Amino acid sequence: MEPLQVLFASSEVVPFAKTGGLADVAGSMPQALKKLGCDVRLVLPLYRMVRQGNFPLQKRLEGLPVHLGGRALEVDIYESELGDGLPVYFVERDEFFDRSYLYGTPRGDYFDNDQRFTLFCKAALALSEQLSFQPDLFHGQDWQTGLIPALLHFLRRRDPFWAGTASLFTIHNIAYQGLVEPDILPLAGLPWEAYTPSGLEYYGAVSLLKSGIVYSQIINTVSRKYSQEIQTEEYGYGLEGILTYRQADLFGIVNGVDYETWNPKTDPLIAASYDPDQLQGKETCKADLLREFNLSPEQAAHPVLGVISRLADQKGFDLLAAVMDRLLQQELSLVVLGTGEEKYHQLFSELAAKHPRKIGLRLAYDNTLAHKIEAGSDMFLMPSRYEPCGLNQIYSLKYGTIPVVRATGGLDDTIVPFDRETKKGTGFKFHEYTADDFWLALSEALAVYRNADLWKTLMRNAMAVDYSWENSAREYVNLYRLARERLAKGR
Ligand code: ADP
């Protein structure tokens with residue numbers, strides 16, 4: 001069988017550019033797809049962050065014209081590779097991408113994100129044509145790539161090059177929709193007939209995420225539970241109607257993780273290696289973590305609770321604040337690594353100043369420290385309001401760092417509650433988004449921790465769980481084929 005040719009567009013990809021979990025996924029899933037025989041090519045913008053990484057980049061195309069409204073803008077295309085020779089194309093246009101951040105400053109989104117990502121989407125198609133890479137399937141991620149399915153929908157009618165390219169669109173987070181002014185239609189060269197409630201209109205604006213949903217043959221999200229949740233008013237952010245309508249085309253595939261990067265047995269960033277048969281290394285990591293956060297070595301006798309996160313409303317820090325008094329009456333320490341919204345910077349700074357003996361805080365983005373927290377903590381807290389998949393709880397499992405999570409989205413799909421009787425399970429879960437429910441789960445975790453044998457069993461259960469990409473990548477290939485079948489049937 002001919003390999004499936006896949007054009008995979010993402011606005012962030014590890015190791016080139018990252019703000020969150022999407023980058024981890026876009027950096028590892030395509031490699032797993034390649035192992036299954038797909039010919040995958042990645043495309044992303046050439047941000048300043050990419051340049052600063054000093055990756056070897058080769059110029060592939062010069063002065064490629066991309067039409068934006070009445071203007072033809074020229075872009076250069078650079079090429080690098082991922083893993084074992086997987087091609088990665090970068091769209092260079094410095095006025096748009098040579099900036100300090102990917103999408104906006106801490107004060108808000110860049111005002112011209114509509115132009116930036118229209119250019120990116122159109123350049124992705126233009127470079128494919130120019131390189132004679134005629135994909136069987138386009139695979140888009142989130143709003144930044146949402147225009148591509150719409151462009152393909154209208155291109156297929158008049159351009160034989162694109163007539164056979166089906167589209168799969170993955171929603172990594174429905175709350176970020178890419179809402180822009182309707183004049184993006186002429187800018188992108190899309191007809192006004194697309195500007196309807198059954199097209200990409202969203203209450204007088206254009207939703208780029210909706211564009212991806214409406215014009216793709218198949219849609220998926222990054223866990224089964226989240227694929228159900230987003231069909232409800234509580235989680236759908238206004239798109240529950242269209243998603244319920246597309247129910248037969250909507251799937252959930254939990255993300256895999258890259259165990260070459262996240263594995264305590266081989267992780268070069270942690271103080272000592274360990275595995276389920278040799279757990280002593282974790283104690284060295286715990287001591288190292290306490291030192292990193294200037295916490296007393298005596299705290300090693302008590303549980304260390306870790307948090308690594310974007311500091312955003314989604315992540316449930318109001319619940320963490322609400323249980324803090326009860327939590328700090330216990331003998332334990334809390335280490336927090338994160339950046340994001342100002343109000344959470346303030347919240348955690350005040351808490352850390354008030355309880356310096358128990359709370360360690362780093363308001364930064366720091367990959368090495370993230371690994372040290374995974375390795376050195378006993379528990380990992382994710383009380384999220386919603387969580388499409390979540391990666392940190394999956395990394396935590398591998399590091400024997402027991403997740404305490406709210407049962408939402410991927411957190412619910414990936415964590416099995418620990419049962420003291422059967423000794424089965426991998427973590428602690430609560431359901432209602434309330435401080436009392438969170439506190440019940442935390443109390444249970446702290447109680448089990450006091451029983452050293454039981455805790456070791458729980459750690460080993462967690463460390464045995466396998467979320468490597470292979471299974472999920474197979475499910476993606478099935479969706480690729482399904483999308484192509486739907487297109488062949490004219491849908
Ligand atoms: P989201 O994509 O919503 O941010 P995920 O749990 O899916 O959440 O992925 C978060 C990823 O970003 C993980 O790889 C995590 O380690 C990383 N991360 C988040 N915040 C930081 C930080 N401050 N420093 C280092 N890594 C971080």
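Okay, let's start at one strand pair: β19, residues 402-406, runs parallel to β20, and 3 bridges join the two. Within that pair, Arg406 sits opposite Phe430 of β20. On terms, pairing here needs at least two DSSP bridges between the strands. Helices are DSSP runs of H or I with at least four residues, strands are runs of E with at least two, and both are numbered from the N terminus.

Before going on, the ground rules. This is a predicted model, so to speak of a local feature we need pLDDT of at least 70, and side-chain atom pairs count only at pLDDT 80 or more, while totals for chains, interfaces and linings use all residues. Numbering runs from 1 along each chain as its sequence is written, and side-chain values use heavy atoms, with hydrogens and water left out.

Now zoom out. That pair belongs to an open sheet of 6 strands, with parallel pairing and the order β17-β16-β15-β18-β19-β20. At the edges are β17 (359-362) and β20 (428-430), each pairing on one side only. On average, neighbouring strands in this sheet are turned by 15 degrees against each other, ignoring direction.

Helices pack on it too. α11, residues 280-292, touches β15 (304-311), β16 (333-340) and β17, and its direction makes about 60 degrees with that of β15. Then α14, residues 367-376, lies across β15, β16, β17 and β18 (379-382), at about 145 degrees to β15. Contact means heavy atoms within 4.5 Å. For the angles, axes are lines fitted to C-alpha atoms, for helices over the stretch in contact, and values run from 0 to 180 degrees between N-to-C directions.

On to the ligand. Which residues are the closest to it? They are Gly21, Asp24, Arg310, Lys315 and Ala364, out of 19 residues surrounding the ligand; the cut-off is a heavy atom within 4 Å. The shell splits into 7 nonpolar, 6 polar and 6 charged residues. β15 gives the most to the shell, with 3 residues.

For polar contacts, we take N or O pairs within 3.5 Å. A ligand oxygen is 2.8 Å from a side-chain N or O of Arg310. A ligand nitrogen is 3.0 Å from a polar backbone atom of Asp366, and a ligand oxygen is 3.0 Å from one of Leu391. How much of the ligand does the protein bury? Taken alone the ligand exposes 560 Å², and 93% of that is buried; areas are Shrake-Rupley with a 1.4 Å probe.

There's a second open sheet, with 3 antiparallel strands in the order β10-β12-β11. β10 (179-180) and β11 (201-202) are its edges, each pairing on one side only. β11 pairs with β12, residues 205-207, over 2 bridges, and Glu201 has Val206 in β12 as its bridge partner.

Most residues other than glycine have a negative phi, and most peptide bonds are trans. Val14 and Pro15, though, are joined by a cis peptide bond, omega about 10 degrees, with Pro15 in the loop between β1 (5-9) and α1. And Ser132, not a glycine, has a positive phi of about 55 degrees; you'll find Ser132 in the loop between α4 (113-130) and β8 (137-141).

Key
Polar contact = N/O pair within 3.5 Å; in protein donor to acceptor, adjacent residues only side chain to side chain. Nonpolar A, V, L, I, M, F, W, Y, C, P; charged D, E, K, R; others polar.
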